[in-house]
Every structure is written in C-alpha cells, then in structure tokens.
Amino acid sequence: QVQLVESGGGLVQAGGSLRLSCAASGRTFSNYAMGWFRQAPGKEREFVASISQSGTGTSYYTDSMKARFTISRDNAKNTVYLQMNSLKPEDTAVYYCAAKEVPGQYNYWGQGTQVTVSS
C-alpha cells in the first residue's frame, strides 16, 4: 500500500499563492501516477490535476485551474506538489492527493489539507 500525507494548506488572501505537498511512503513512488482533487463544502469532490509516474509525460488539469495551478513531482523525495497561484475564494476546499497504478483507479488517498481563500 501507499500512504499519503498532504501539507501546505492554510489561509491566504485572494490573489495569493500556496504550494501543497504530498509525501508518499510504503511502496515505490515512481510506480504511481498521482493526482490532486478537492472538495468544497456541500459539493462533490472534483479533479484538479494529475501527473504521470515519471513526471515527464503530459499533465492534466481541470480547465478552470490550468492557467493558475501546476502539478509536479520529485521521485527522489517521494513527493508530489501542487503550486497554486492567483487563488480565488472559490478555490476554498479540502485538497487531497491520490495515487494510482497504471492502468487503474485512484485507490490511495491522503487525509486532505484545508485551503481557505479570503476575499
């Protein structure tokens, strides 16, 4: 199994930036594609971004976040990141990282980190 621990959330003003980190342990990190998801109060969880096992393939983003968010990974550190710029109040949510074997589904999830953007 893979254990995932997110960090880096917090309170930020609109227009600000945050970088989320997700540290993995347990299995070979580079075997897993990684994703970030988020869930706002009263809403369903939504996809944010994903990155391939090596990090050199195509990364995918939800259109509304593509210009502002960047996913990256450091396999030597077993960590995936989400750089979030130009944050908006509607970005307020709990952000989760997830891992999946390819092919497969996201079967491993972290506990989430809260991001709150004030207007």
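## The nonpolar core

In this predicted model, the largest nonpolar core has 30 residues, and those that touch the most other members are Leu4, Met34, Trp36, Leu82, Met84 and Tyr95. A nonpolar core is here a set of buried Ala, Val, Leu, Ile, Met, Phe, Trp, Tyr and Cys residues joined through side-chain atoms within 4.5 Å, where buried means under 20% relative accessible area, exposed means over 50%, and partly exposed lies in between (1.4 Å probe, protein chains only). At least two residues of this core come from each of the strands β3 (18–25), β4 (32–39), β5 (46–51), β7 (69–74), β8 (79–84), β9 (93–101) and β11 (113–118). Strands (E, at least two residues) and helices (H or I, at least four residues) are DSSP runs, numbered from the N terminus.

If residues up to four places away in sequence are not counted, Met34 touches Leu4, Cys22, Phe29, Ala49, Ser50, Ile51, Ile71, Arg73, Val80, Ala98, Ala99 and Tyr106, where a contact means heavy atoms within 4.5 Å. Trp36 belongs to strand β4 and is buried, because its relative accessible area is 0%. The C-alpha atoms of Trp36 and Phe69, which are 33 residues apart along the chain, are separated by 11 Å.

## The chain as a whole

The protein chain contains zero helices and 11 strands, so that its elements, read from the N terminus on, run β-β-β-β-β-β-β-β-β-β-β. Its C-alpha atoms fill a box of roughly 40 × 25 × 25 Å along the principal axes.

Among the 119 residues of the protein chain, 43% are buried. Of the contacts with a separation of 6 or more, 54% are between residues 24 or more positions apart.

## Surface and charge

The chain carries 11 positive and 8 negative side chains, and the centres of the two sets lie 4 Å apart. Lys and Arg count as positive and Asp and Glu as negative, while His and the chain ends are not counted, and the place of each charge is taken as NZ of Lys, CZ of Arg, CG of Asp or CD of Glu.

Val12 is found in strand β2 (residues 10–13), and Val12 counts as buried because its relative accessible area is 13%. Apart from its neighbours within four places in sequence, Val12 is in contact with Ser17, Leu18, Leu87, Thr116, Val117 and Ser118. Ser21, in strand β3, is buried as well, since its relative accessibility is 16%. With residues up to four places away in sequence left out, Ser21 touches Val5, Glu6, Ser7, Trp36, Thr79, Val80 and Tyr81.

Ser52 lies in the loop between β5 and β6 (60–61) and counts as buried at 18% relative accessibility. Beyond its neighbours within four places in sequence, Ser52 is in contact with Ala33, Gly57 and Arg73. The C-alpha atoms of Val12 and Ser52 are separated by 29 Å, although these residues are 40 residues apart along the chain.

## Backbone details in the loops

The peptide bond from Val102 to Pro103 is cis, with omega near 0°, and Pro103 is found in the loop between β9 and β10 (108–109). Asn78, in the loop between β7 and β8, has a positive phi of about 55° although it is not a glycine. Asn78 is partly exposed, with a relative accessibility of 29%. Ser86, in the loop between β8 and β9, likewise is not a glycine but has a positive phi, of about 50°, and Ser86 is partly exposed at 39% relative accessible area.

Residues are numbered from 1 along each chain as its sequence is written, and side-chain values use heavy atoms, with hydrogens and water left out. Because the model is predicted, local features need pLDDT of at least 70 and side-chain atom pairs count only at pLDDT 80 or more, while totals for chains, interfaces and linings use all residues.
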